[in-house]
Amino acid sequence: MPRFQLNVNGQTQSVTADADTPLMYVLRNELNLEGPLYGCGLGQCGSCSVLVDKQDVRSCVTPISAVVGKAITTLDGLAATWAREKGQPATPETLHPLQRAWIDERVPQCGYCQNGMIIGAVDLLNKNPNPTDQEIRQAMNGHLCRCGTHLRIIRAIKRAAAEMA
Amino acid sequence: MANVKDDRTFTRRDLLKGGGALIITWSLPSFVRAAAQGGQAPAVPGGQWSPRPDLLDNWLRIGQDGSVTAFSGAIETGQSKRVAWRMIIAEELDTPFDSVTLVMGDTATGPDQGNSGGSNGIYEQVEALRQASAEARKALLNLAAQRFGVPAPQLSVSNGVVTVTANRAQRATYGELIGGRQFNVKLVVTGQRASEMSLATEGVAPVKDPRRYTVIGQSPMDPDHREMVTARYEKRMQNFRLPGMLHARMVLPPNINSKLVRVNGFKSGSPPPGFVKVVTRGDFVAVVAQDEWQAVKAMRDLDVTWSIKPIVFNSGHQTLKEDLKKHKPAVPDVTTVVDRRIVPGQVTDVNRGNVPAALASAAKRLEAEYYFPMQAHGGMGPDCAVADVRAGEATIWCPTSYPAGASRIISTLIGLPPEKIRVIWRDSGGQYGRFQTGEDAGPAAAVVSQDVGRPVRLSWMREQDFESDLFIYPYTFKMQGAVDADGNVSAFATEFWSFAIDPRTEGGPLATIFAGVREGGPMRPHSVIPVGGGDVNSYEFPNESLLTHHLAPNIRVQNGGLRVPRHLPINFAHECFLDELAAAAGADPIEFRIRHIRRSIPFMGKQPMDVYDRTIAVLEKVREAARWQPRPAPAVGARGGARMRSGRGVAFVANYKETYCATTAEVEVDTQTGRVRVMRMVQAVDPGIVINKDVGRDVVESGTLHTVSRTLHEEVQFDATKVLIHDWATYPIMRFTEVPEIEVVWIEDPTVHTWAGGLSETPCTTVTAAIANAIFDACGARVRDVPFTPQRVLAALKA
């Protein structure tokens with residue numbers, strides 16, 4: 001199996017995998033990351049989302065050959081990446097404003113979709129720092145939640161947007 | 001960070017820090033009482049290997065730092081039970097909420113508490129830990145009494161610290177009093193309840209007077225949230241891994257009514273890289289590989305010949321509503337249950353009066369049919385388990401809702417006795433009733449691990465999770481009713497058709513594949529629910545009947561419990577039909593319901609007037625919170641020419657798990673496309689004491705939204721040979737742009753000093769009817785078949 005150099009959460013990681021291996025499996029099994037989760041393997045639900053060059057990407061349908069040389073950020077490294085961008089030291093207690101908003105608004109129910117939701121929200125606020133309710137709904141429409149936490153997600157995004165402004 | 005935490009290294013012994021001498025036992029009073037009751041410890045569900053429920057130390061341990069560790073056989077189903085339980089324990093122990101850790105669902109440490117489901121967590125299962133906590137507090141006070149040389153009544157306790165009331169300088173923490181040592185207190189176990197198999201412990205310590213609560217009624221945050229949002233949630237099933245673990249995928253037949261003929265090899269001609277082996281067992285086939293993607297590829301590449309039995313499917317989902325009524329031929333050798341009347345004593349107050357006569361002489365007579373289809377669980381996390389089976393012992397991590405029960409199932413498959421099988425619950429996400437005994441990936445993972453002699457993680461694919469799910473039972477209803485000259489209901493007759501429980505498929509999707517897990521046996525009706533969808537009918541009619549038909553399931557899919565599996569469909573039919581009667585009577589829907597609330601017939605052992613006020617209060621509260629202007633339906637513009645029409649509807653359920661709930665929905669109907677948009681819903685909920693208003697509110701809101709999705713979108717599609725749902729495109733669910741605003745209002749009756757159950761189910765029960773009634777109010781169309789797709793709305797508009 002070939003070797004790939006991946007840039008994950010600010011570090012270069014060397015992994016051995018077939019070129020067609022979806023990024024999700026490599027992140028989860030080779031690199032032992034816990035953020036992205038398998039929800040469908042079809043790119044439909046968003047549970048597996050990671051940031052690739054700041055974009056919300058479905059890691060379950062993205063082969064690792066396609067992300068060589070790109071900056072991959074998972075939920076595991078989101079806070080530290082945020083701190084680094086702000087020039088602040090990162091501790092295990094550091095939280096991205098969205099993570100803090102997610103806690104303050106008590107967003108998770110079962111929690112399974114929340115990796116994808118947070119990644120999707122990071123992408124959204126990157127492109128639209130002050131979204132309206134309707135804009136949030138439309139931007140997040142590609143992420144599925146079965147338990148029904150949508151309203152709390154919307155509130156958390158607005159809360160984080162206000163803090164990040 | 002790797003999550004390689006192997007909790008086999010964590011045993012009860014680890015909690016014993018510093019041996020110390022035996023504590024004085026406090027067992028005599030309770031033990032004497034047990035002896036007086038016959039002397040035998042009650043039969044412990046799960047056999048001898050589960051930690052005994054009659055020993056306090058098996059429920060609670062206190063560390064030297066005062067931290068409290070509680071153990072349960074119950075597990076978290078994704079409805080925030082974990083928060084309420086910690087609060088209840090902290091309350092009874094008088095210890096801070098943050099000091100309590102709850103270890104759930106490990107058969108090595110948690111007493112057998114039966115299955116977690118059917119909203120039994122706060123309603124029943126927690127009572128054991130509640131009582132155990134009260135006993136522990138009493139034991140700690142007695143220890144302090146000895147230490148300080150004063151009688152226990154002269155002590156005060158708060159936040160895990162005991163003081164002499166008259167001299168606060170004399171103080172000791174729980175950690176100082178017992179830290180790390182055993183209580184050695186025996187509890188009186190009153191045995192299992194037949195329906196829920198939960199245990200109640202009845203010791204000598206009284207539980208706290210609710211008027212003295214300091215924790216319950218507050219709103220502490222859920223400590224698991226921080227872990228979840230930072231990718232450190234250690235209990236996530238799918239992130240559990242062991243060193244040297246292999247990966248497995250099942251190769252499932254085209255339908256469960258198939259036999260394995262032969263594994264032919266790989267379509268590509270040779271085993272894919274990383275392939276380890278094919279495991280077969282009866283009709284079960286799985287591939288095992290070194291890494292997960294290799295396992296997926298091997299699964300897709302494996303060529304298997306199946307012998308597909310002729311399936312007695314109904315012709316398809318489009319005709320199931322009618323097929324149910326036609327009593328399709330039974331599967332051979334299975335008893336078909338038809339025309340089952342309610343046995344008096346099982347359900348009260350049905351078949352009263354003379355329905356045929358009342359219908360015949362009615363001023364206004366109505367008849368309508370309703371349909372609730374099969375629906376899928378569709379949890380975001382497909383089923384997954386890790387098993388490590390060795391020569392003499394096995395450990396399985398899986399999302400089962402009944403760990404001790406799972407260990408018995410697995411025992412029959414791998415030939416080890418249950419006491420050598422440790423099952424450890426892990427959280428695979430919202431399951432909504434899917435993973436009951438043996439219905440999760442644990443048994444399959446165990447079989448594969450035993451075969452390959454290595455730890456294995458077995459995961460279901462998304463398409464497998466849909467195709468081989470257990471679907472909620474479908475229902476066809478025929479309602480008949482009448483309104484008298486005064487505008488009151490004079491007759492209310494319900495007839496429904498649904499499936500009996502087929503014991504051959506009762507073990508879940510793999511039961512028929514693992515031969516011998518479930519024996520054949522007579523079919524039996526799934527429980528008959530009183531009209532109204534509550535545990536007791538909410539209303540009182542002079543002439544009333546209920547007739548149920550439980551058919552042999554003649555489609556080869558498997559049915560099981562999905563969130564309010566019986567109450568939701570029945571409440572839908574009942575509350576819609578009542579609404580039709582209200583419209584016929586020209587009455588406001590809420591006022592009409594209040595007029596017919598039960599007031600003279602006993603109410604599940606209670607006098608009706610004991611609960612009458614609570615029943616009325618919930619309807620009045622929703623009326624106020626929804627700013628509901630009394631008037632009959634439909635709205636003024638309903639049959640006008642506007643394209644977009646708005647309306648409101650209401651539905652009510654009394655007494656599911658003793659929670660009362662009234663629900664309104666406001667909808668907008670696009671009469672050109674048939675699309676329904678739910679704009680806002682109000683839930684008025686009376687669950688007795690609200691344990692945690694914030695978390696409780698979240699649970700109600702989430703459950704409501706789940707049910708809106710089911711109401712507008714969800715139906716399992718199938719044809720003559722197979723299930724047709726595979727993914728989120730073929731089984732669409734609600735998305736962000738469709739989500740309504742939800743408002744939750746609590747009724748807090750100061751005379752009620754208990755909490756009820758069902759916050760995760762009772763408010764779901766009424767959602768579908770409220771939306772259907774709102775659609776009628778908006779545009780005059782009665783949609784009687786779930787889901788309310790645009791096609792169905794357009795058809796109802798034309799009718």
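Predicted model: local features only at pLDDT ≥ 70, side-chain atom pairs only at ≥ 80, totals over all residues.

**Interface of chain B and chain A**

- The contact draws 71 residues from chain B and 58 residues from chain A.
- Between them the two chains bury about 5500 Å², with 52% of this on carbon and sulfur atoms; on the side of chain B, Val229(B), Met380(B) and Phe736(B) lose the most area to chain A, together 17% of what that side buries.
- Ten salt bridges are found across the interface of chain B and chain A.
- Arg152(A) and Glu701(B) meet through their side chains in a salt bridge, at 3.3 Å from N to O.

**Aromatic rings**

- Over all chains, the count comes to 16 aromatic pairs.
- The ring centres of Phe372(B) and Phe572(B) are 6.2 Å apart and the planes stand at 65°, so this pair is edge-to-face.
- Because Phe372(B) lies in strand S15 (residues 364-372) of chain B and Phe572(B) in helix H12 (residues 567-584) of chain B, the pair ties together parts that are 200 residues apart in sequence.
- Phe372(B) is buried, at a relative accessible area of 1%, and Phe572(B) is buried at 0%.
- One aromatic cluster is formed by Phe492(B), Tyr539(B), Phe541(B), Phe577(B) and Phe652(B).

**Charges over rings**

- Arg462(B) places its charged end over the ring of Phe466(B), 5.1 Å from the ring centre, while the charged end of Arg782(B) sits over the ring of Phe776(B), 3.6 Å from its centre.

Conventions: Residues numbered from 1 in each chain as written. Chains lettered and ligands numbered in written order. Heavy atoms only, no water. Phe/Tyr/Trp six-rings, centres within 6.5 Å; stacked < 30°, edge-to-face > 60°. Helix = DSSP H or I, 4+ residues; strand = E, 2+ residues; numbered from the N terminus. Buried < 20%, exposed > 50% of the residue type's maximum accessible area, 1.4 Å probe, protein only. Lys NZ or Arg CZ within 6 Å of the ring centre and 35° of its normal. Contact = heavy atoms within 4.5 Å. Buried area = accessible area lost by both parts, 1.4 Å probe. Salt bridge = Lys/Arg side-chain N within 4 Å of Asp/Glu carboxyl O.
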